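Here's a quick briefing to read with the model open in your viewer. Take a look at the fold first, then work through the notes below.

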Amino acid sequence: MFVTFEGIEGTGKSTQIGLLDAWLREQGRATEITREPGGSRLGRELRRILLSMESSDLTGQAELFLYLADRAQHVATVIRPALLAGHDVLSDRFADSTVVYQGYGRGLDPKTLHGLNEVAVDGLWPDLTILLDIEPEEGLRRALARNIAEGTHASEGRFEAEHMEFHARVREGYLTWAALHPERFRVVDASASPEVVHARVRELVAAALDEKEQPGLRM
Ligand code: TMP
């Protein structure tokens, strides 16, 4: 089963992935946690470039193709092999981030981006995408608090430094895109405590697992 987590900064994606991973393992399932950008060896190089402050002169198009290259390599060398080995894959961001950040956020055409994603993912779409939704002000507040607590290097802070209007566009873009793909997206209110959010995530994952393992038995 392939589950992706999406959302603006500070929604608690990595916390939720950790909690879900622990729960799936308790159920006796093998799991693999990964992320974009940076899920593969090439991707880790690309992540450094994409998130570094010095690359802020990257053109929108160049940035787009780096994300797509990261994704193509990630699918081929990490995600597909893990799924073929029978593991559940939990990814912190995937193709929807490109449609939302480069599309709704930066103004490239979402349909064109979806087409480019089709090339990058080569037929491998998530079984379930959990959109953790939160007000941008709250997300940014949490992301900044986390950066301070973790002493995150300034070079990882390019996106979080973007103005609030951009984050608001991204948040709305996610909700719009999720509504266009109801078969795979589930929106979860991420303003609650991590435990409450996790309980909801678990319900959604359990339902998706039932559906995948016993197709047709559930509505
Ligand atoms: P994160 O690992 O903290 O989520 O940071 C990754 C940043 O990269 C985040 O601001 C979203 C951005 N991003 C895109 O703009 N497009 C993409 O396709 C992906 C995967 C991430």
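Start with a charged pair: D133 and R171 make a salt bridge, with their closest N and O atoms 2.8 Å apart. (Here a salt bridge is a side-chain nitrogen of Lys or Arg within 4 Å of a carboxyl oxygen of Asp or Glu.) D133 sits in strand 4 and R171 in helix 7 (residues 164-180), so the pair ties together parts that are 38 residues apart in sequence.

Bear in mind that this is a predicted model, where local features need pLDDT of at least 70 and side-chain atom pairs count only at pLDDT 80 or more, while totals for chains, interfaces and linings use all residues. Residues are numbered from 1 along each chain as its sequence is written, and side-chain values use heavy atoms, with hydrogens and water left out.

Helices (H or I, at least four residues) and strands (E, at least two) are DSSP runs, numbered from the N terminus.

**Salt bridges**

- Both partners of the opening pair are buried: D133 has a relative accessible area of 14%, and R171 is at 14% relative accessibility. (Buried means under 20% relative accessible area, exposed over 50%, and partly exposed in between, using a 1.4 Å probe and protein chains only.)
- Searching the whole structure turns up 16 salt bridges.
- E138 takes part in a salt bridge with R141 (2.9 Å, N to O) and in another with R142 (3.1 Å, N to O).
- E138 and R141 are three residues apart in helix 6 (residues 136-150), so about one helical turn separates them. R142 also lies in helix 6, four residues from E138, which is again about one turn of the helix.
- E138 is partly exposed, with a relative accessible area of 24%, and R142 counts as partly exposed at 24% relative accessibility.
- R29, D88 and E213 are linked in a salt-bridge network.

- How many residues of strand 3 (residues 88-92) are buried? Five of the five are, so the strand is largely enclosed by the rest of the structure.
- In a regular strand the side chains alternate between the two faces of the sheet.
- In strand 3, D88, L90 and D92 point one way and V89 and S91 the other.
- Strand 1 (residues 2-6) pairs with strand 3 in the parallel sense over four bridges, and F2 stands opposite V89. (Two strands pair if DSSP finds at least two bridges between them.)
- Strand 2 (residues 31-35) runs parallel to strand 3 and is joined to it by five bridges, with T31 opposite D88.

**Cores and helix 8**

- The largest nonpolar core has 35 residues, of which F5, L20, I130 and V205 touch the most other members. (A nonpolar core is a set of buried Ala, Val, Leu, Ile, Met, Phe, Trp, Tyr and Cys residues joined through side-chain atoms within 4.5 Å.)
- Helix 8 (residues 194-213) supplies the largest share of this core, six residues.
- A second, separate core has nine residues, among them F2, V89, F94 and V121.
- Leaving out residues up to four places away in sequence, L20 touches F5, L90, H198, V201 and V205. (Contact means heavy atoms within 4.5 Å.)
- The buried residues of helix 8 are V197, H198, V201, L204, V205, A208 and L209. They cover an arc of only 140° around the axis, which puts them on the same side of helix 8. (The arc is that of the directions from the helix axis to the C-beta atoms.)
- What covers those buried residues includes strand 1, helix 1 (13-26), strand 4 (128-133) and strand 5 (185-189).

**L113 in helix 5**

- L113 is in helix 5 (residues 110-121) and is buried, with a relative accessible area of 2%.
- Not counting residues up to four places away in sequence, L113 touches L64, T98, V99, Q102, G103 and L108.

- A cis peptide bond joins E36 and P37, with omega about -10°; P37 is in the loop between strand 2 and helix 2 (41-51).
- R93 isn't a glycine, yet its phi is positive, near 80°. R93 is in the loop between strand 3 and helix 4 (95-105) and is buried, with a relative accessible area of 12%.
- D122, also not a glycine, has a positive phi of about 55°. D122 is in the loop between helix 5 and strand 4 and is exposed, at 56% relative accessible area.
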